[in-house]
Amino acid sequence: MPFISKIERQSDYGSFNSSHPIVIDNGASYFRIGWAGENEPRVIFRNIVQRPRHKTTGETVTVVGDHNPVLLKYFDCTRSGPRSAFESNVVYQFEIMEYILDFGFDRLGADQSQIDHPILITECACNPVQSRGKMAELLFESYGVPSVAFGVDAAFSYKYNQQLGICSDTGLAITSGFTTSHVIPFINGEPVYEACCRTNVGGYHVTDYLKQLLSLKYPHHISKLTWERVEELKMEHCYIAADYASEVQLFQRGDKEAEDKTRCWQLPWTPSPVEEPPSEEEIARKAALKEKQSQRLREMAEAKRSSKINELENELKGLEFLLEELKDIEEDDEIVSFLASRGYASKREAESAFAKVTQSLRKAKGEQVPSEEKVDISAAEKYYLIDIPDDELSAEQLKEKRRQVFLKSTTEARQRAKQRRLDEELEKEKEKKLEEQKRMENPERYLEQLRAKYKELSEKLEQRKRLKTNGNNANGNNNVSGGVGRGERLNAAQRERMRLLTTAAFDRGKGEDTFGQRDEDWQLYKLMSRDNDDDDDDKPDHDETELARISSRLREIDPTFFPGSESGASASEAPRFRPLTKEDFQIILGVERFRCPEVLFNPNFIGIDQSGLDEMVGVSLRRLPSWVQGLEDKMTSSILVTGGSCLYPGMGERLEAGIQMIRPCGTPIKVVRATDPIMDSWRGASVYAAAMQFPQQTFSRTDYYEKGEDWLRSYKFRYTI
Amino acid sequence: MEREVLEAELVLPTHMKFKKIQMYDKYPKGQARGRHWKHLKQIIQAENYENYPPHLPTYVNIETPPSMHPGKKICDITGFEAPYFDPRTKLRYANTEVFKTIRSLPNDYVQRYLALRNAAVVLR
C-alpha cells in the first residue's frame, strides 16, 4: 500500500459555513487535509514540491505531491529533485510550505477570496517558536485564516485510540514517523512533554539505508533503485527481527529457514536473442548470389580479354604488313626514312616489336608461352648490348644497355629464388618424411618430444619477449611517450640511452667543452635516438617460425593440445563474454529485510548516537515525575505504537521484549498498535476540531500580534476536553 | 503545455483566488533573493534555549541521550555480527570471505560503506 494519494478536487467547499474548521495533518512525509468531524481526510498527497522546467516552453513550474510519473516526461527534472519543507520534523522552508498549502486548499475546493475557516494544524512536539510563528503568519497573512490551533500528531493519535478504548488515559505513545521517533507519556490524558524524548531516526532513514545498501550491492541496477521503488520494497518486505543476533545467524549459517526468508525482486529482463544458425535456404540464397557475382566478373574478364586479343591481332597485322613492305624496299636510306615515318628506329626494332606482339597475343589467347630454354636462347639476342663496352655506344644505346642489364639481373634473380624455393620445399618434404617415419616408429615418444620442444620454445620466446618489452607492452606501442611506467625496468639499450641522456643533461658547464672535436662524438646522438631500440623487431626470428610449425603440427596430431595453454599467454586474453542471465537481473533481499528497520532500535547502525525505540521508553520513564506511586507500571501497561514506521511485522513483539529487558521482572507490559497508525492522528485531530470547546483553543490574528512571541511559545493545545 | 498535463492539473496555478498575497507578489520573478530561510540549526540557535529554565521541555532537551548499551558491531557488507575490524579500510567484517571482498573493494565503495554509519573520511 505504498503512497496513496488522494488529489481529486473537492466540489463541496461552499457547503461548509465559515465556522467549520479545516484540519491539516502536516507530516514530514504526507500532507492530509479535510473537514473537522469527518472520518477521512479529503485530500492526501506527499509533502514534497518539485520545480521542474517545461521542456518545450522552458518555464519553471511548480508540481506538488506525487503525480503520474509518466506526465513528468514533458519536464526537465534533472535540475530539481523533490524538495521538502521539513528539516528533521520542523518546517523551515516556508516558500515550499506555501506551495503545499496552495495545492492543499486548491484541491479541497477553496474558491472564495480567502480561507474563511479556523484551522487546526499539527506540528512536532516542542516545535521551535520560530517555526510555529512563521506558520501562523503564513496562514494569517497569505490565506486570511481567522484563527489557528496547533497540536501534536502523536497526541491526537493516542487520544483517538484512547477514545476507542485501545489504551488508557495514562500511558505511553511510541510514535515513529518519517524523520523522527518519539516516546510521549500521557498522564490523565495530557501529554507530558517534560518526560518525552525524541530520536532522530525514522522511516526516511530506513529507506535511505536500504537504498544505499542495495545500490552498493547492485551498482548495475542503480537506475532501477529509485526512492519510490525502494520505499515500496521496504513496505513490502521489511520486518523487525525478534532478536537481531539470532536472526542474522540463520542467514550466516545459510539455513533453510533463511532461504525461505530471502526475497527476490526480478527486474524486467528479456533474454538476449539466441543467434540461430542460418537456414539452408539462406545458405543457398547466399551461394547463388555469390555465384552470380563471380559469373559477372568472369564475363567482364572475358570481354576484356577478347578486346585485347582483337587489338593485338590488329597490331600484328599492321606489323606483318610493315615487314612485308620492308622486304620490297631495297635501299638502306629508304628503309630508315620509311621506318622513321612509321615510328621505328631500325628494322631490328620493328622485328622485336613484331615478336613481342606475337608473344603477348599467344599469352592472351592462353596458349603455352614458349618455354624458358627458348627465352634463354633468345637471351643473347635480347641483351645484345650488354657485352659491348660503354665507349662504343651512343647515349641512346647506353640507356638501352642499362635497361637490359637491369632486366637481365632481375630475371636471373627471379630464377635463383625459384630454384631456392624448390630446394627448400624438397628439404621440408624430406624433413616431414623423416618425422613421419619417426612418428610411425614410436608415436608416443614422438608426441612427447614434440610437446617438450614446444614448451621449451614457447618459454624461451616468452622470456625473450619479457626481456625486450620488459612489461611495458602495457604502455602501448613501445613507449611512444618515451616515458616508462612506474616499476617497469628498462632493457639494456634503453638503460644505456637513459644514461647518455642524463650525463648529457648534467654535463653542461663542467670543465672544458671538447664535444665535437672528434668525429666519433657525433655518434652519440645516434645512440641517444630512439630508433636503435627496435632493431630486431621486424624480422621474425627462427624460433618463432619453429614454434608456429610445431604448434600447427601438434594441433594436427594431438587432440588435447591447446596453443598457449602452458605458456601463460592465456592470461593476456580478454575475459570471455558471459551472456547475461535472469539471475543478473535479480535483487535479492536477505539480511537487508530486517537489517534496515533495525536502525530504529540501533541508530548506531547508521552512525546516529542515540537510543533506540526500546531504550527510549526507559529514558522517558526516568524523566517522569517520581512522586506518583506506581506510575511507571501504569505507563507500561498501556503502550500505544503509532506512526508509519511501526507497521513492520514484529514491531510489537520486539518492543515488548525490549521493554521487558529494561523494566523489573513482573512489570505489566502491554503493547498495542494503533487502529490505523498512519491516519489516526488526522482522525484524532478531526474529532478535536469538531468539539464544542475547540474555538477556545484557537488564537486569532490579533491575538498573535498582540500577545507576542513569548505567549506563542507557551501556547499549548489542551487534549482533555 | 500538453493536453494531458493540463487535464491532470499537474502544474500548480500561479494565481490562487483564495489567497490574499499571491506567490508572485511575495517572491517576484527574476529578483535575486538570497536564502530567506533558516536551517534547523540556526532556528535552534535563535531560540536561545540556554536561557530557559532546565525543566521546560524544548526541542533540544527532549532529544534522547546516547544509548547506554555498547553499540552492536555489524559487518558493514553483510550485516552479520562482526568480530573483526580491518585497520586499512576501517570496515568491520564478519569472516574471511567478506575480508576478501572488502580488500578488493575500490576506495570509493569503502568510503560509501563507511558513510552509511557516518564514519567516512570527510574532507573539508
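Q: How many of the residues of strand S12 (residues 171-176) of chain A are buried in this predicted model?
A: In this predicted model, both faces of S12(A) are covered. On one side lie A:Gly171, A:Ala173 and A:Thr175, and on the other A:Leu172, A:Ile174 and A:Ser176, all of them buried. The strand is thus mostly covered, and the count of buried residues is 6 of 6.

Q: In which sense, parallel or antiparallel, do S12(A) and strand S18 (residues 639-642) of chain A pair?
A: In S18(A), A:Ile639 is the bridge partner of A:Leu172. The pairing of S12(A) with S18(A) extends over 4 bridges. Its sense is parallel.

Q: Which residue of S20(A) stands opposite A:Val148?
A: Strand S11 (residues 147-152) of chain A pairs with S20(A) in the antiparallel sense, over 2 bridges. In S20(A), the residue opposite A:Val148 is A:Phe699.

Q: What distance separates the end C-alpha atoms of helix H4 (residues 203-217) of chain A?
A: The helix has 15 residues, and at 1.5 Å a residue it should span 21 Å. The distance in the model agrees with that expectation, so the end C-alpha atoms are apart by 21 Å.

Q: Which helix of chain B is included in what covers the buried residues of H4(A)?
A: The buried residues of H4(A) include A:Tyr204, A:Val206, A:Leu210 and A:Leu214. From chain A, their cover includes helix H5 (227-237), strand S17 (586-589) and helix H17 (592-595). From chain B, it includes helix H5 (107-116).

Q: Which element gives the largest share of the side of chain B that touches chain A?
A: The contact takes 49 residues from chain B and 66 residues from chain A. On the side of chain B, helix H1 (3-7), helix H3 (40-47) and H5 are the elements that give two or more residues. The largest share is 5 residues, and it comes from H3(B).

Q: How many nonpolar residues has the side of chain B that touches chain A?
A: This side of chain B contains 9 polar and 12 charged residues. Its nonpolar residues number 28.

Q: How are helix H2 (residues 129-143) of chain A and H3(B) oriented to one another?
A: The axes of the two helices come within 8 Å and cross at roughly 105 degrees. Angles of 65 to 115 degrees count as roughly perpendicular. Therefore H2(A) is, relative to H3(B), roughly perpendicular.

Q: Which residues of H3(B) make the contact with H2(A)?
A: By class, this contact has 3 nonpolar, 2 polar and 1 charged residues. H2(A) contributes A:Val129, A:Gln130 and A:Ser131. H3(B) contributes B:Ile43, B:Ala46 and B:Glu47.

Notes:
Residues numbered from 1 in each chain as written. Chains lettered and ligands numbered in written order. Predicted model: local features only at pLDDT ≥ 70, side-chain atom pairs only at ≥ 80, totals over all residues. Expected span 1.5 Å × (residues − 1). Buried ≥ 20, exposed ≤ 12 C-beta atoms within 10 Å, placed from the backbone. Contact = placed C-beta atoms within 7 Å. Nonpolar A, V, L, I, M, F, W, Y, C, P; charged D, E, K, R; others polar. Axes fitted to C-alpha atoms, helices over the stretch in contact; angles between N-to-C directions. Parallel < 35°, antiparallel > 145°, perpendicular 65-115°, else oblique. Pairing = 2+ DSSP bridges.
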